[in-house]
Amino acid sequence: MRARMRPNHLTNFALSPISNELNQILSNSHGNRSGENGEHHAMEHGKEKLNHQRSFEVVRESMHSVISMNKTEVGDSVLNEFLEGYCSLSFENRRKLLLTLAKEYDLNRAQVRELIKQYLGLQPPGSEAQSGGVADEGFLSTFYRIERNLRHSLKPVYETLFERLNTHPEGLKFLTIIRADILSILTEGNIASLRALDSYLKEKLTTWLSPAALELHQITWDDPASLLEKIVFYEAVHPISNLIDLKRRLGVGRRCFGYFHSAIPREPLIFIEVALLKNIAETIQEVLWDNPPIAESEATCALFYSISSTQPGLAGINLGKFLIKRVITLVKIDMPHISVFATLSPIPGFMQWLLSKLASQSKLAKAEDISHSPADRSGLTFYENILEPEEERALIDSSGDLASGKSGMEIMLNLLTPPTHEWTNSDKLLSALKPPLMRLCARYLLQEKKRGKALDSVANFHLQNGAMVQRINWMADQSEKGLNQSAGIMVNYVYRPENIEEYAQSYFSKGHIHSSYDVKRYIQ
């Protein structure tokens with residue numbers, strides 16, 4: 001149900017209206033060079049490289065001015081100059097600038113060490129070396145002074161840049177662009193100074209985007225076209241095919257809610273799509289093509305079938321948690337007859353995990369030449385036949401000409417690997433694959449973990465928000481994307497308002513995953 005943000009589509013963000021003129025100038029200058037001869041082009045290329053270097057130095061100096069100038073001297077014109085300059089840089093120069101920011105505008109560690117040394121040299125309050133009365137107060141004031149100075153020295157210099165940018169009308173949006181660039185750079189390598197910069201900026205953004213600062217708005221067909229276009233653009237879980245599809249999702253029996261911030265107007269930070277149904281849907285086709293929808297007065301279930309974040313720079317900031325809770329509260333007030341709050345969610349990591357498991361175990365079996373010798377398998381520490389005996393027999397009997405292999409796992413791997421998904425056209429194969437796929441999917445959701453939390457990103461999102469795993473659904477999403485991600489299987493998570501906090505806390509503290517009996521029985 002939850003989508004990752006579209007990667008890096010804002011990396012070359014143009015701050016309107018600030019950089020529209022800049023982009024025009026840049027495009028014009030590129031156009032003016034297009035007809036020049038080879039020798040002149042080489043000269044211009046050299047000039048261009050020099051101009052890029054100059055541009056970088058100008059932007060770097062502009063950034064330094066924003067940080068170092070007196071607070072009263074930093075007006076919109078100074079901030080505009082930096083915003084425009086940053087947007088004009090190539091990605092490589094942005095990388096250089098951000099590394100400069102992370103390393104040269106970090107905290108003063110020599111000062112921190114000296115303050116810690118002073119602090120450790122003091123006798124703790126209440127020790128025998130102290131007398132009492134006025135002397136105690138004077139002694140404590142020394143503690144307070146050093147502690148205050150220590151707190152100040154532990155703040156990196158680049159905090160000033162972030163806080164001053166946040167005062168600019170377009171500063172918050174710009175900061176999300178900077179963080180998107182930082183995250184993109186970190187995918188290339190784990191640079192400690194840049195990781196610290198990202199962590200600090202993330203904390204700032206989390207504070208500035210607290211629920212109290214966000215406005216919940218129901219998005220309807222009557223909203224401006226510019227907003228509706230953004231909904232179409234950012235929807236990545238179940239793409240909106242046309243205007244009729246969009247109108248259906250905003251019409252009778254459907255709701256769409258978004259979180260907005262005043263500093264980023266007319267653009268949701270995150271939005272959620274809701275279907276009002278009689279029962280929890282088992283397939284996405286029921287939700288997207290329920291035509292005509294039931295009367296809203298007959299609905300008993302609010303089904304969250306898509307939640308999409310729109311800002312790559314807000315990755316890791318869980319706005320969805322607050323959005324879901326707010327929507328549940330609002331729906332309960334507006335429609336008291338709604339008693340069930342559930343999702344119909346994708347399982348994006350299931351096939352990747354399963355195919356990797358099948359490949360590694362099949363390879364191990366071949367290496368040890370044990371494919372036909374079950375007795376030998378028990379002696380191998382890392383070998384695991386993830387198929388039950390009856391599942392293996394059914395696959396061997398049903399594979400026919402579509403897949404070959406010496407074992408059930410090898411056959412299953414060969415069936416599921418091709419992108420054509422031919423197995424979905426065979427009733428015999430569907431029948432043979434359903435038991436192992438459903439059982440292994442339940443195992444993946446409930447038992448496969450990373451650092452004590454669910455391995456699947458969408459599962460982790462809902463579980464940390466206080467949901468439980470209610471049901472897994474066979475052939476619930478037969479689109480190419482659904483088959484590639486999870487062999488068409490989808491999962492219902494249920495939010496029980498009275499248990500949300502309890503379930504979230506037990507998952508956070510112990511990694512405990514609450515689930516229904518129907519899901520548990522797959523792995524018992």
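These are my notebook entries on a predicted model of one protein chain.

**Entry 1: ground rules**

I number residues from 1 along each chain as its sequence is written. The model is predicted, so local features need pLDDT of at least 70 and side-chain atom pairs count only at pLDDT 80 or more, while totals for chains, interfaces and linings use all residues; side-chain values use heavy atoms, with hydrogens and water left out.

**Entry 2: the whole chain**

I looked up the secondary structure and found 22 helices and ten strands. Helices (H or I, at least four residues) and strands (E, at least two) are DSSP runs, numbered from the N terminus. Of the 524 residues, 47% are buried. Buried means under 20% relative accessible area, exposed over 50%, and partly exposed in between (1.4 Å probe, protein chains only). I noted an accessible surface of about 26,300 Å², with 51% of it belonging to carbon and sulfur atoms. Areas come from the Shrake-Rupley method with a 1.4 Å probe, and for residues only the protein chains shown count as cover. Among contacts with a separation of 6 or more, 73% join residues 24 or more positions apart. Contact means heavy atoms within 4.5 Å.

**Entry 3: helices 16 and 18**

I then looked at helix 16 (residues 389-398) against helix 18 (residues 427-446): their axes come within 9 Å and cross at roughly 150 degrees. Helix 16 is therefore roughly antiparallel to helix 18. Angles under 35 degrees count as roughly parallel, over 145 as roughly antiparallel, 65 to 115 as roughly perpendicular and the rest as oblique. The axes are lines fitted to C-alpha atoms, for helices over the stretch in contact, and angles run from 0 to 180 degrees between N-to-C directions.

From helix 16 I listed Glu 391, Ala 394, Leu 395, Asp 397 and Ser 398, which meet Lys 428, Leu 429, Ala 432, Leu 433, Pro 435, Pro 436 and Arg 439 of helix 18. The residues of this contact divide into seven nonpolar, one polar and four charged. Here Ala, Val, Leu, Ile, Met, Phe, Trp, Tyr, Cys and Pro count as nonpolar, Asp, Glu, Lys and Arg as charged, and the others, Gly among them, as polar.

**Entry 4: helices 7 and 8**

Helix 7 (residues 158-166) packs on helix 8 (residues 171-186) at about 140 degrees, with the axes 7 Å apart. That angle makes helix 7 oblique to helix 8. Phe 162, Leu 165 and Asn 166 of helix 7 touch Gly 171, Leu 172, Phe 174, Leu 175 and Ile 178 of helix 8.

**Entry 5: positive phi**

Most residues other than glycine have a negative phi. I found Arg 451 with a positive phi of about 55 degrees, in the loop between strand 7 (449-450) and strand 8 (453-454). Arg 451 is exposed at 76% relative accessible area. Ala 487 also has a positive phi of about 55 degrees, and sits in the loop between helix 20 (480-486) and strand 10 (490-495). Ala 487 is buried at 0%.

**Entry 6: Gly 488 and Met 475**

Gly 488 is in the loop between helix 20 and strand 10 and is buried at 0%. Beyond its neighbours within four places in sequence, Gly 488 contacts residues including Asn 473, Met 475 and Asp 477. Met 475 lies in the loop between strand 9 (468-473) and helix 20, and is buried at 10%. Outside four places in sequence, the contacts of Met 475 include Thr 283, Trp 423, Ala 487 and Gly 488.
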